[in-house]
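Here are some questions on how the words used for a structure follow from its values. Each answer sets a value against a cut-off and concludes.

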Amino acid sequence: MQQTEFKYPVFEANQVLTNAHLNDIFEYLDEQGRLTRANLIGVGLVCDLEFTVDTASAAIRLSRGCGITTEGYLIIEPEDVVLTAYREYVMPLDVDYPSFKQAPAVQYPLWELFPAGTPSTTPLGSPANFFEDKALLLFLELKKHDSHEVRALVN
């Protein structure tokens, strides 16, 4: 996360604030909050978000909890989740994840996990040795909606 230079505005009585004024202040305060979480509190799991792998029923159970990403975003899962299916994860075009790439244009093979009943997924038990060479990674995917907004989604 980069620290951006910010000039503090001076507001006058009865001044009309523009959307640019308000957006600049929001962006600054949002970044300061994330910097505080990531650098002062620390990154990683804060409370729970523990997983267990049940190879007999081909399921991964993730407990409710929260964590802090390396960019200072909060990950909050409000309830326990049972994940029983997967499909290949394809990185979005509008956000770059260099850590997920072998080379600039070659993505490592990654799979996204889902609860039962999610369309276009494969059960975790197929193939039978699916769990053998995998590591579980919990990350927060960022999606850009327009030039001013970045929305964080947990996948």
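Q: Why is lysine 134 called partly exposed?
A: The relative accessibility of lysine 134 is 32%. The model is a predicted one, and the value is computed from it.

Q: Why is aspartate 133 called exposed?
A: Aspartate 133 has a relative accessible area of 62%. Exposed means over 50%, so aspartate 133 is exposed.

Q: What makes the pair of aspartate 133 and lysine 134 a salt bridge?
A: The closest N and O atoms of aspartate 133 and lysine 134 are 2.7 Å apart. The cut-off is a nitrogen of Lys or Arg within 4 Å of a carboxyl oxygen of Asp or Glu, so the pair counts as a salt bridge. Side chains of opposite charge can pair when their charged atoms come close. A search of the whole structure finds 4 salt bridges.

Q: How do you know that arginine 61 and aspartate 54 form a salt bridge?
A: Their side chains meet at 3.6 Å, N to O. The limit is 4 Å, so this pair also qualifies. Arginine 61 is partly exposed at 35% relative accessibility, and aspartate 54 is partly exposed at 26%.

Q: Why are aspartate 30 and arginine 34 separated by about one helical turn?
A: Aspartate 30 and arginine 34 are 4 residues apart in helix 1, and therefore about one helical turn lies between them. Their side chains meet in a salt bridge of 3.3 Å, N to O.

Q: Why is threonine 69 called buried?
A: Threonine 69 has a relative accessible area of 14%. That value falls under 20%, so the word is buried. Threonine 69 is in the loop between strand 4 (65-68) and strand 5 (74-77). Not counting residues up to four places away in sequence, threonine 69 touches Ala38, Val43, Ile75 and Leu140.

Q: Why does proline 92 count as buried?
A: At 18% relative accessibility, proline 92 is under the 20% limit and so is buried. Proline 92 is found in the loop between strand 7 (85-88) and strand 8 (101-103). Beyond four places in sequence, proline 92 touches Tyr97 and Glu141. Proline 92 and glutamate 141 are 49 residues apart in sequence, and their C-alpha atoms are 9.0 Å apart in space.

Q: Which residues make up the largest nonpolar core?
A: That core has 12 residues, including Tyr97, Tyr89, Met91, Phe139 and Leu142. Tyrosine 97 touches several residues beyond four places in sequence, among them Tyr89, Met91, Phe139 and Leu142. Apart from this core lies another, of 8 residues, including Ile60 and Phe130.

Q: How do you know that phenylalanine 11 is partly exposed?
A: Its relative accessible area is 38%, between the limits of 20% and 50%, so phenylalanine 11 is partly exposed. Phenylalanine 11 lies in the segment before helix 1 (19-41). Phe11, Leu17 and Leu22 form a nonpolar surface patch with about 260 Å² of accessible area together.

Q: Where does pLDDT stay under 50?
A: pLDDT stays under 50 over residues 147-155. Where pLDDT is low, the predicted coordinates should not be read in detail. The mean pLDDT of the protein chain is 82.

Conventions: Residues are numbered from 1 along each chain as its sequence is written. This is a predicted model: local features need pLDDT of at least 70, side-chain atom pairs count only at pLDDT 80 or more; totals for chains, interfaces and linings use all residues. Side-chain values use heavy atoms; hydrogens and water are left out. pLDDT is the predictor's confidence in each residue, from 0 to 100. Contact means heavy atoms within 4.5 Å. Patches are made of residues with over 30% relative accessible area and no salt bridge: like charges are joined within 9 Å, nonpolar side chains (Val, Leu, Ile, Met, Phe, Trp, Tyr) within 5 Å. Accessible areas come from the Shrake-Rupley method with a 1.4 Å probe; for residues, only the protein chains shown count as cover. Helices (H or I, at least four residues) and strands (E, at least two) are DSSP runs, numbered from the N terminus. Buried means under 20% relative accessible area, exposed over 50%, partly exposed in between (1.4 Å probe, protein chains only). A nonpolar core is a set of buried Ala, Val, Leu, Ile, Met, Phe, Trp, Tyr and Cys residues joined through side-chain atoms within 4.5 Å.
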